[in-house]
Amino acid sequence: MAAPPAVDDSTAFVSMGYAMASQLRLNVGFTDEELDQLFAGMRQAAQGEAEPENFREGIQRAQQIYMGRVQEFQQKEQELAAAVAEENKAEAAAFFAELDGREDVRKTASGLYYEIIEEGTGRAPVDTDRVVVDYRGTLIDGREFDANEDAEFMVNRVVPGFSEGLKLLKEGGKAKLYIPSALGYGDRPSRPGSLIEPGDALIFDLELKEVVHIPPPPTSKPPALPPNMTPPPPPPDAPPSGPPPTPPPSEIPPPPPSGD
């Protein structure tokens, strides 16, 4: 295993500052002047200086400002994501329209398109199984966003389209999945560094290598009675209608005494 590249102290401290600002979510729209004031306060604390005057009141006001900036930032993110999603879904609709004309591509009721490359001979997985798979994920323009070999996970712990596609295969099978955004990551804003944008359709080349069945947990049983206890007897039957039954021969009552 290759050793990590050496970095100088300047790069290390810049990286540390980047990580701290990311954790504090300082990317929500502060001006350069406001960032200078934030960093001045951090410098004072780092150098062991006393708290600024009116520190508690200042913290309360800063929290109000921060929450307002976060709400504005999220609103803008959602509006941008919605616009990007509409454009990407329009491109995906044209792509899926072409798939509708292909005899080798099938479509499920949910809207998942797929083609079976190799059937496989083992058992098909269910939601509660673990699977071992090789896969490669691309966008409809061919850009690869992920690839993995011998990846292991629960069938029901991935995006719905991938989960549904797994259950269409048998162990050893191969398929190509065409997943619309509704069965993928939807219209959510992109994760930092991800190629997947809101509304993007996903394509997966998939091989189901192994199905690891996990038995369901045992059903609970009523607790056993202690050894010295027996269940109570059932309630007596309701008395029958009509005349009382004739008692057994050994229990026939003696005749009444004569009047003599």
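Start with the largest nonpolar core, which has 23 residues. A nonpolar core here is a set of buried Ala, Val, Leu, Ile, Met, Phe, Trp, Tyr and Cys residues joined through side-chain atoms within 4.5 Å. Buried means under 20% relative accessible area, exposed over 50%, and partly exposed in between (1.4 Å probe, protein chains only). Select Val131, Val133, Phe162, Leu166, Leu177, Ile179 and Leu206, the members that touch the most other members. Two or more residues come from each of β3 (130-139), β4 (144-154), α4 (160-167), β5 (174-179) and β6 (202-212), with β6 giving the most, 5 residues. Helices (H or I, at least four residues) and strands (E, at least two) are DSSP runs, numbered from the N terminus.

The model is predicted, local features need pLDDT of at least 70, side-chain atom pairs count only at pLDDT 80 or more, and totals for chains, interfaces and linings use all residues. Residues are numbered from 1 along each chain as its sequence is written, and side-chain values use heavy atoms, with hydrogens and water left out.

Next, select Leu166. Contact means heavy atoms within 4.5 Å. Setting aside neighbours within four places in sequence, Leu166 is in contact with Pro125, Val131, Val133, Phe153, Val155, Leu206 and Leu208. Now extend the selection to α4, where the buried residues are Gly161, Phe162, Ser163, Gly165 and Leu166. The cover over these buried residues includes β3, β4, β5 and β6.

Continue into the loop between α4 and β5 and select Leu169. Leu169 counts as buried because its relative accessibility is 0%. Not counting residues up to four places away in sequence, Leu169 touches Ile116, Glu118, Ala124, Pro125, Lys174, Ala175, Leu206 and Leu208. For a distance check, take the C-alpha atoms of Leu169 and Glu207: they are separated by 8.8 Å, with the two residues 38 apart along the chain.

Turn to β3. This strand is largely enclosed by the rest of the structure, because 8 of its 10 residues are buried. Two strands pair if DSSP finds at least two bridges between them. β3 pairs with β4 in the antiparallel sense over 8 bridges, and Tyr135 stands opposite Asn148 in β4. The hairpin of β3 and β4 has 4 residues between the strands, and in it Gly142 takes a positive phi near 95°. β3 is also joined to β6 by 10 bridges, again running antiparallel; here select Val132, which stands opposite Glu210 in β6.

Move to β1 (residues 106-107) and β2 (residues 113-118), which run antiparallel and are joined by 2 bridges. Lys107 has Tyr113 as its bridge partner in β2. Between the strands of this hairpin are 5 residues, and Gly111 takes a positive phi near 110°. β2 also pairs with β5, antiparallel over 5 bridges. In that pairing, select Glu118, which stands opposite Lys174 in β5.

Tyr113 is also a stop in a second, separate core of 9 residues, which includes Val105, Ala201 and Ile203 as well.

In α3 (residues 55-100), select Asn88. Asn88 is buried, with a relative accessible area of 9%. Its contacts, leaving aside neighbours within four places in sequence, are Glu197, Pro198, Gly199 and Asp200.

Finish in α2 (residues 32-46) at Leu38. Buried or partly exposed, which is Leu38? Leu38 counts as partly exposed, at 33% relative accessibility. Beyond neighbours within four places in sequence, Leu38 is in contact with Leu26 and Phe30. The C-alpha atoms of Leu38 and Leu26 are separated by 9.7 Å, and the residues are 12 apart along the chain.
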